[in-house]
Amino acid sequence: VLLVNDLNHNLLSISQLCDNGYYVNFTSNSCNVLDKNKNNILVANRFGNVYITCFENLTSQDVTCFSALQEANWLWHRRLGHANMDLLQKLSRNNLVVGLPKANFSKDKICDACQFGKQIKTSFKTKAHISTSRPLELLHLDLFGPNDVESLGGKLYAFVIVDDYSRYTWVLFLAHKSDASGEFIKLCKRIEKEQGHSIISVRSDRGREFKNQDIENFCDEQGYSHNFSAPRTPQQNGVVERKNRSLQEMGRTMLNEHKIPRTFWAEAINTACYVGNRVVIRPILAKTPYELWKGRKPNIGYFKVFGSKCFILNDKDYLAKFESKSDVGIFIGYSTNSKAYRVYNRRTLTVQESMHVVFDESNPFSRKIIVDEDENSKVLSNTNEELSKLNIG
């Protein structure tokens, strides 16, 4: 046998013993190794179809060489500050140092000191296949917050739900963690009717907002399997953890582009979720979450720049003949319940939904750059004056 993968034992070469002048006698129960003077120096007892000996149990000084060869790799491992065996193998093979013997530096056992000093968390490899076969087979749940600033509606938390198969995402905004169970129950009933079949299982961490009697009773009644990630192991709930990060990064970026106040963080996260469902590509399936969930390709022709200036037709108030027909506002997202834009009206200081909106996406609230005759850039900011009109806190 030239190669045995994952072999956990050392093999003693009979041919090499014979070439060095030793005699090897096999019987049905044991194997004896004799030197040139016919002295017995090694005994191996038979176990099944192999003959096994343990050098650590030998006390004879005549076989010290066997034991020294056996532990040379671990002795140098300890001498070099518990260096990695792969490093020792490279040093020995490439002759990068002087004095290191030519030994087989392989990790054939566990070093207790290394485990106490170096042990790390188990790595989680990316899946090369899809674990689910249809929408609602598995839902991933997570919640982030509290935010240090309340949203326009007084919310502090964002409850994120991701469908495993399609990666379609929902975000629910909460004032308190305790509201999570009620919002989750309402969402489950709605999306089950939308898809026409039931949820099979849900996965979350062990936070009290998920591991409570209300959700457990609901899962038992509906026949859902509620799986939990291991304590302090967010990687097992990695689908929704990564989605949380993507939503927060996209929302933060959109707020920073036009220096929008952080009070609009929920609107930015909601827009990030809306856009992500329609433009993110599901790995392996190579389709958007919207297409996998709805069964048709999304239309994104009506998308606008978040935070851009807009003009809202005032069709609510009585206007005199020469009064302005429009109010200036800020675009803050898309309605999820109707075909309309969500805009912040700077005159009334309210959020409203309307289709009668004209957009100016030329980045009017950003900093203006003016180049003088010496070709030096001078930054003139009109942002503070505009933002003072947006401050509703």
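Guide: Gladly! Local features need pLDDT of at least 70 and side-chain atom pairs count only at pLDDT 80 or more, while totals for chains, interfaces and linings use all residues; side-chain values use heavy atoms, with hydrogens and water left out.

Visitor: What makes E5 and E6 a pair of strands?

Guide: Strands (E, at least two residues) and helices (H or I, at least four) are DSSP runs, numbered from the N terminus. Two strands pair if DSSP finds at least two bridges between them. Strand E5 (residues 138-144) and E6 are joined by 6 bridges and run antiparallel, so they meet that definition.

Visitor: How many bridges join E6 to E7?

Guide: Again there are 6, and strand E7 (residues 169-174) runs antiparallel to E6. Phe173 in E7 is the bridge partner of Ala158. The hairpin of E6 and E7 has 5 residues between the strands, and Arg167 there takes a positive phi near 65 degrees.

Visitor: Why is E6 called mostly covered?

Guide: Buried means under 20% relative accessible area, exposed means over 50%, and partly exposed lies in between (1.4 Å probe, protein chains only). In E6 (residues 157-163), 7 of its 7 residues are buried, so each falls under that 20% cut-off.

Visitor: Which residues cover each face of E6?

Guide: On one side Tyr157, Phe159, Ile161 and Asp163 are buried, and on the other Ala158, Val160 and Val162 are too. In a regular strand the side chains alternate between the two faces of the sheet.

Visitor: What makes something a nonpolar core?

Guide: The name is for a set of buried Ala, Val, Leu, Ile, Met, Phe, Trp, Tyr and Cys residues joined through side-chain atoms within 4.5 Å. The largest one here has 25 residues, and Leu139 and Phe159 have the most contacts inside it. Two or more residues come from each of E5, E6, E7, helix H5 (180-195), helix H6 (213-222) and helix H9 (289-294). H5 gives the most, with 5 residues. A second, separate core of 23 residues includes Val171, Leu247, Phe264 and Trp265.

Visitor: Which residues is Leu139 in contact with?

Guide: Contact means heavy atoms within 4.5 Å. Setting aside neighbours within four places in sequence, the partners of Leu139 include Ile161, Val162, Trp170 and Ile191.

Visitor: How do you know that the span of helix H7 agrees with its number of residues?

Guide: The expected span is 1.5 Å times one less than the number of residues. H7 (residues 238-257) has 20 residues and should therefore span 28 Å; its end C-alpha atoms are 29 Å apart, which agrees. Its buried residues, among them Leu247 and Met254, are covered by elements including E5, E6, E7 and helix H8 (265-279). Just after H7, Lys259 takes a positive phi of about 55 degrees.

Visitor: Where does pLDDT stay under 50?

Guide: pLDDT is the predictor's confidence in each residue, from 0 to 100. The value stays under 50 over residues 364-393, whereas the chain averages 82, with 83% of the residues scoring at least 70. Where pLDDT is low, the predicted coordinates should not be read in detail.

Note on methods. Residues numbered from 1 in each chain as written.
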